[in-house]
Amino acid sequence: MRTTTGWQATGPAGLRRTSLERRDLRPDDIAVRVDYCGVCHTDLHALRAHDEQAEAPLVPGHEFTGVVTGTGREVTTFAVGDRVAVGNIVDSCGVCAMCEAGQENFCHSFPTLTYGGTDRQDGSATLGGYSREYVVRDAFAYPLPSGLDPAAAAPLMCAGVTVWEPLRSLGVGPGSRVAVAGLGGLGHLAVKMAVALGATTTVISRTQDKRDDARKLGAHDLIVSTDTEQMAAARDTFDVVIDTVSAPHELAPYLKLVAMDGTLSLLGYLGPVTVEAMDLLVGRKKLSSAGSGGRPATAEMLRFCADHSIAADIEVLPSSQVDTALDRLRRNDVRYRFVLDMSDLD
């Protein structure tokens, strides 16, 4: 086994620095020195649910960038010293219809998650990127284009591909009208990508406070969701509404904004929702969702972001301040993504 250092959950309250074990390199593995790891709302949810008496340890972190430090004997796509990025999926069955279609995120036997998952070969618990080293199958690591800053690129591997998936699958491009509800970690990247794809892009927010931020990100307008006149004026306007609001909320107001044959895509809140059939019927509107992406889409997203100079707006903290980052994230005190610098684990 290989030994590294990382941040392990001690329960819902926090994490402690400790020694971690990684597997010895299999023939198709690479070892990655983790340089930067994004802090995701998923990490908060995992910590909240974690029981420190549980048999499997919890090490969060599933959007990170770093450098290859070792390769298995069959690896040909990476060499020591290469810059790489790893997201929230590190394996899949590879043989089901979804995997064969390049949608490993929908693997019929469920994809192996970067943390909190189960290794498909030895049954061990996967431990995430809040650590100095990660060992991963080469097929689930991605070359990090030279034009991308490694810290600002880390959130692309979760937040970025999560919004890229519906934008691409729904055919967003020049002439499309896109609205993004919520301007947080997901939303700000959705705005950047939609604008770069050529769409006329609007932000939907509860207040006017983020109007300047929306404009700086490239949005063409902002609608205040609590203003009934503004919402009524925008009825049946958008081909795609990307809903990144993470808390439970009513969908009817957003469905009213969707144009005929358009789609409301839920990305932020993935719990139970209630929808009136008439809100879909009038205008033949569609309700969809998305999460993460398969290998082809993830690679495409990274190339697109490099070509269009898209990366997350971040605040970088040393990994020793991970509890601070998580606490501020709980209070939505970040614009728009925390990234941990893992170099202090040396």
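This is a predicted model: local features need pLDDT of at least 70, side-chain atom pairs count only at pLDDT 80 or more; totals for chains, interfaces and linings use all residues.
Within helix α11, the buried residues are Val-322, Ala-325, Leu-326, Arg-328 and Leu-329. Viewed down the axis of α11, these residues fall within an arc of 165°, and they therefore line one face of the helix. In an α-helix there are 3.6 residues a turn, so that residues three or four places apart point the same way. The elements that cover the buried residues of α11 include helix α1 together with the strands β1 (2-9), β2 (15-22), β3 (29-39), β16 (314-318) and β17 (337-341). After α11 comes Asn-332, which has a positive phi, near 55°.

The packing of α11 (residues 322-330) against α1 (residues 41-49) occurs at an angle of about 100°, with the two axes 10 Å apart. Because of this angle, α1 is roughly perpendicular to α11. On the side of α1 the contact is made by His-41, Asp-43, Leu-44 and Leu-47, and on the side of α11 by Leu-326, Leu-329 and Arg-330. Classified by residue type, the contact of α1 with α11 has four nonpolar, one polar and two charged residues.

For the chain as a whole, the secondary structure comprises eleven helices and 17 strands. The C-alpha trace spans about 60 × 40 × 35 Å along its principal axes, and the radius of gyration of 20 Å agrees with the value near 20 Å that a compact globule of 346 residues would have. Of the contacts between residues at least 6 apart in sequence, 64% join residues at least 24 apart.

Terms used:
Residues are numbered from 1 along each chain as its sequence is written. Side-chain values use heavy atoms; hydrogens and water are left out. Axes are lines fitted to C-alpha atoms, for helices over the stretch in contact, and angles run from 0 to 180 degrees between N-to-C directions. Helices (H or I, at least four residues) and strands (E, at least two) are DSSP runs, numbered from the N terminus. Angles under 35 degrees count as roughly parallel, over 145 as roughly antiparallel, 65 to 115 as roughly perpendicular and the rest as oblique. Contact means heavy atoms within 4.5 Å. Ala, Val, Leu, Ile, Met, Phe, Trp, Tyr, Cys and Pro count as nonpolar, Asp, Glu, Lys and Arg as charged, and the others, Gly among them, as polar. Buried means under 20% relative accessible area, exposed over 50%, partly exposed in between (1.4 Å probe, protein chains only). The arc is that of the directions from the helix axis to the C-beta atoms. The radius of gyration is taken over C-alpha atoms; the globule rule is 2.2 Å times the number of residues to the power 0.38.
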